[in-house]
Amino acid sequence: MKHFLLMLIMISSTIISAQPNSNSDIKDGSVSGRVIDAELNEPLPYVNIVIKDMANKIITGGITSDDGTFEIQNIPEGKVIVSIQFVGFKTIDKNITIGKGNYKPNLGDIKLEEESTGLDEVTIVADVSTIQQRVDRKVITIGKDLQTAGATASEIMNNLPSVSVDQQTGSVSLRGNQNVRVMVDGKLSNIPADQLLKQIPSTSIKSIELITNPSAKYNPEGMSGIINIILHKNTQIGFNGNINFGLSHDIEAKFNSSIDANYRNGKLNVYGSYSNSIAKNANNGAFNRTEQGIEQNFDILNNNKSHLFKVGVDYYLNDKNTISVFTNQNIFDNWNTADSNINYLSNPALNESQFTNGGSDNDSQQYNVNYKHDFNEEGHSIELEADYNTFEGNNEVNNIFYSSQRPNFLEDTDTDRTNTTLNLDYVNPLSETTKLELGLQARLFDTNLFYESDARETNQDGDYIPTTTRFDYTRDIYSAYATYGAKLEKWSYQIGLRAETVNVDSEAFKKDLASNDELIIPFENNYFELYPSAFFTYSPTDKNSYQLSYSRRIDRPGIGQVNPLPEWNTPLISQFGNQELRPQFTNSIEMNYTRQLEKGSITGGVFYRIIEDEIQQAVLIDRADINRLILTNLNFDNTTSYGVELSSNYRPTKWWSVNASFDLYSQSQKSIAESFDTDLNIILNTIEVDNIAWSARAFNSFKVDESLSFSIFGMYRGKNKNIQFEMSDMLMVNLGLNYSFLEKRANFSLSYNDIFNTMYAEFTSERPYAQTGRFNWESQQISARLSYRFGGGKYRAKSRKQRDNDVKEGGGMF
């Protein structure tokens, strides 16, 4: 019944949103114009243009193009209202008359002002979240309704189309693939993505961009694309800011808070922010090897504490030149305990258990300097940026064994990592309908890992001995790109090419167990690659838009995938990287269709990918102990994947709005899994799995009045296969409420997630052993959040081109 109820909500939401409006009395009038930002004097794309009669009934409408222009056709004769609407800006209504001598009026430039011009406003947060399909990305504006979905960015992600978060590891998938780049305000961070997402409060997020087919202007990493988190920015005249508190509880308590503030006066804008996350996370699970009669149970508790600081200055030399400087500082501390029990049902005398306790801490710093010069022609600019990231981490694990022949041992891993990026970008609008962009970039990446253990490996006599290893890895990338775009009436296109030369150099140092001498294992991989891209858009009417895009991308192996040092281990499983792992390449083509409806919009799309030198996990049997498994990564042959996506915004009534989505994807995966024959000889199996998975989501928001609203979110994820496991389906239903008070300066939200307690990971496997398993986490969380905006002054947004998302304003967390 619970499954049926949720599916009924989802299906009805999608069917309702797919109903087109009709106008039987349309004639041949039209209205045109251009919408620009009143403060920045720059065009505003994707602004809603709504045509209404004098009784405020909607007749037709459309959206502005990339250059801010619009032309709405098929408007009946008579008096009409042209309403220009955009989230975060004041709505402008213009009364015009369509008739003899004035069938095609041009409204010229329409200047929209930011909504936050009132003295009591700092940032504007929409009540209802929206999804917009742009040329190369989906943009999800995070409203107050979606903020009830969770306290952090990690918890919000599961509410987005085509996105999922592994509740055990925190890893993010886009279209069923974990090869995705996560950015904040268009910038990569040295902070691991799973850690970063849990540190960003949901109330700090303005929007999230899903860039599934990026152009040549973007760095080509991430096979499935880029997830870019845009944070709220505060650059108002005077002193103002925002403060947030959040508390969640299921088994353990979780707390987070943040404050950001800025002061601007004249040519100077100074801003800063601080946020923290203090959380205990409990989860448990079990593996059962059915044929061998072995049970393994896990009980894990993590205690994480993080603190993030940001300070920055924007200095406006004059109208043409701007210098900006900022730094991010992150402090993270963790301790954890894990109990692992192994029971041999046929021989309990062999039962053993492992207790693991330890901790990790890391500090990361980011320093950024940016200079931009605007030429006299609007949109003509050159920009230079330097970004330097450092990361220092330590991880210590104490392994204690009971009723086992293995000795206790201590593992310690130190990590030092630096990342330097230099960008030079040039933009030249050659005419009103064409634009040229050029850029150069250098990225210098260096990592040093040191691992030691007091008793990790055995020598020739079978004695456990201390082990010391280290791994040095450098990767330098030099690239140049060029894109050219043009608009031809109902058509627009952009073509681009990025060229990269890459130098990879790594060395693994390991003690030889027999001679005690240090072995050096070097590896080099230098290559040159071209990454073309092309985008085409056709808009035959104001309500219909077709898009076709192509891009070539790369997924470079991460440090964990190439690091030959042990990443983690239990009595039955260990994981190591593969130093000689090569990158995989993806050629992706995508088609989308967007239909503007009277009360919303609907977007459908398909994609197809060819993946070269695919990276997949291999499951091997440990030769030193045949009851143990080794997980590593290998390159395999080329493969393909495809998918279908459908998403919609719809507002059936003034008090009810729906965001619904459906996605289906298919991918062939190839791997190696070792197993035993009847004589217990190890045999090598090449495994190929064809996986078809689908999911559906529906987010319903119900507005009681201007201050109070309720929400219900439902998600269903079908069965899913990978090389090792077949995952069972998942279902989740969440409830939330949102209340604004103190003249909307304050906001309180309350949520109850997984109300039916159906969100868990259950799986079966046939290789290399027949086994079943299940993992549970704190899915039934009750969360409360309180935010308050303080200060005032007129909004004065800083204009800067962002190399990866066109947003590089100061303020926010990052």
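**View 1. The largest nonpolar core of the predicted model has 24 residues.** A nonpolar core is a set of buried Ala, Val, Leu, Ile, Met, Phe, Trp, Tyr and Cys residues joined through side-chain atoms within 4.5 Å. Buried means under 20% relative accessible area, exposed over 50%, and partly exposed in between (1.4 Å probe, protein chains only). Among the residues with the most contacts inside this core are Met157, Ile200 and Ile229. Elements giving two or more residues to the core include helix H3 (153-157), helix H4 (193-197), strand S13 (205-211) and strand S14 (225-231). Helices (H or I, at least four residues) and strands (E, at least two) are DSSP runs, numbered from the N terminus. Apart from this core lies another, of 19 residues, including Val35 and Phe89.

**View 2. Isoleucine 229 and its contacts (heavy atoms within 4.5 Å).** Leaving aside residues up to four places away in sequence, isoleucine 229 touches Ala153, Met157, Leu197 and Ile205, among others.

**View 3. Strand S13 is largely enclosed by the rest of the structure, because six of its seven residues are buried.** Two strands pair if DSSP finds at least two bridges between them. Strand S9 (residues 138-141) runs antiparallel to S13 and is joined to S13 by four bridges. Here isoleucine 140 stands opposite isoleucine 208. S13 also pairs with S14, in the antiparallel sense, over six bridges; isoleucine 205 has leucine 231 as its bridge partner.

**Notes.** Residues are numbered from 1 along each chain as its sequence is written, and side-chain values use heavy atoms, without hydrogens and water. In this predicted model, local features need pLDDT of at least 70 and side-chain atom pairs count only at pLDDT 80 or more, while totals for chains, interfaces and linings use all residues.
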